[in-house]
Amino acid sequence: MSIAYWSTMDTKIGPFTAVVAGDGAVLASGWTGEVGELTPLISPSLAPGEVKERRDLGPVSTAIRRYHEGDLDAVADVEVRQRSGAFREHAWEILRKVPAGEPVSYAEYAALAGNPSAVRAAASACAKNAAALFVPCHRVVRTGGGVGNFRWGVPAKQWLLTHEAA
């Protein structure tokens, strides 16, 4: 039985919670104070048998804090572990390479992921992303620059885009 750990910290846009595996890899994260909103997002193949609260998640907590304070690359090297189909897993890897301050459209994201006609699949990869911030789905916007949807709310997405554009 595996154990995962979670912690919630205050950020400039509200509480942020992360769930990490025993080795520190992020399994799920987002702008919520409720770990119960995150655990269902973890792939069943990675789901821990038990989730325990920790005040500090070490490098993950440090990266979250540094990102919100303005170090936009602080989350880039944090390990993330998500499971799904081959396209979605590849699309998440590609999304981690989209630079802060340079959002892409869903169509551009599909092309970067290797299938320009898979715009809906690319949008689905964003919607199914369990590791918000670490896999920066907020950097994908509508064609024409409209913000689009975001699991953690459009105001949070707009704050993130503005934060990264500064």
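Leaving aside neighbours within four places in sequence, Ser61 is in contact (heavy atoms within 4.5 Å) with Met9 and Asp56. The model is predicted, so local features need pLDDT of at least 70 and side-chain atom pairs count only at pLDDT 80 or more, whereas totals for chains, interfaces and linings use all residues. Residues are numbered from 1 along each chain as its sequence is written, and side-chain values use heavy atoms, with hydrogens and water left out.

Ser61 is found in helix 1; helices (H or I, at least four residues) and strands (E, at least two) are DSSP runs numbered from the N terminus. With a relative accessible area of 2%, Ser61 is buried. Here buried denotes under 20% relative accessible area, exposed over 50%, and partly exposed the range in between (1.4 Å probe, protein chains only).

Asp56, one of the contacts of Ser61, also takes part in a salt bridge with Arg65, the closest N and O atoms being 4.0 Å apart. A salt bridge is defined as a side-chain nitrogen of Lys or Arg within 4 Å of a carboxyl oxygen of Asp or Glu. Both partners are partly exposed, Asp56 with a relative accessible area of 40% and Arg65 at 37% relative accessibility. Six salt bridges are found in a search of the whole structure. One of them joins Asp71 to Arg66, with an N to O distance of 2.2 Å; Asp71 is partly exposed at 28% relative accessibility, as is Arg66 with a relative accessible area of 38%. Glu50 is paired with Lys52, and the closest N and O atoms of this salt bridge are 4.0 Å apart. The relative accessible area of Glu50 is 30%, which places the residue in the partly exposed class, and Lys52 counts as partly exposed at 36%.

Thr32 lies in the loop between strand 3 (26–30) and strand 4 (50–53) and counts as buried at 5% relative accessibility. The side chain of Thr32 reaches the backbone nitrogen of Glu34 at 3.0 Å. Apart from neighbours within four places in sequence, Thr32 is in contact with Thr8, Pro15, Phe16, Thr17, Glu37, Leu38 and Trp152. Arg54 occupies the loop between strand 4 and helix 1 (59–69) and is partly exposed, with a relative accessible area of 40%. Not counting residues up to four places away in sequence, Arg54 touches Tyr5, Trp6 and Ser7. The C-alpha atoms of Arg54 and Ala121, 67 residues apart along the chain, are separated by 35 Å.

The largest pocket holds about 230 Å³ of space. Of the 14 residues lining this pocket, Tyr106, Cys126, Ala127, Asn149 and Phe150 are the closest to its centre. On a 1 Å grid over the protein atoms alone, a pocket is an open set of points where a 1.4 Å probe fits, with protein on both sides within 12 Å along at least five of seven lines, and lining residues have an atom within 4 Å of a point. Grid points are joined across faces, edges and corners, and the volume is the space filled by probe spheres set on the points. Helix 4 (residues 119–127) gives the most to the lining, with three residues. By class, the lining has eight nonpolar, three polar and three charged residues, where Ala, Val, Leu, Ile, Met, Phe, Trp, Tyr, Cys and Pro count as nonpolar, Asp, Glu, Lys and Arg as charged, and the others, Gly among them, as polar.

Methods:
A polar contact is a pair of N or O atoms within 3.5 Å; within protein, one must be able to donate a hydrogen and the other to accept it, and residues adjacent in sequence count only if both atoms are side-chain atoms.
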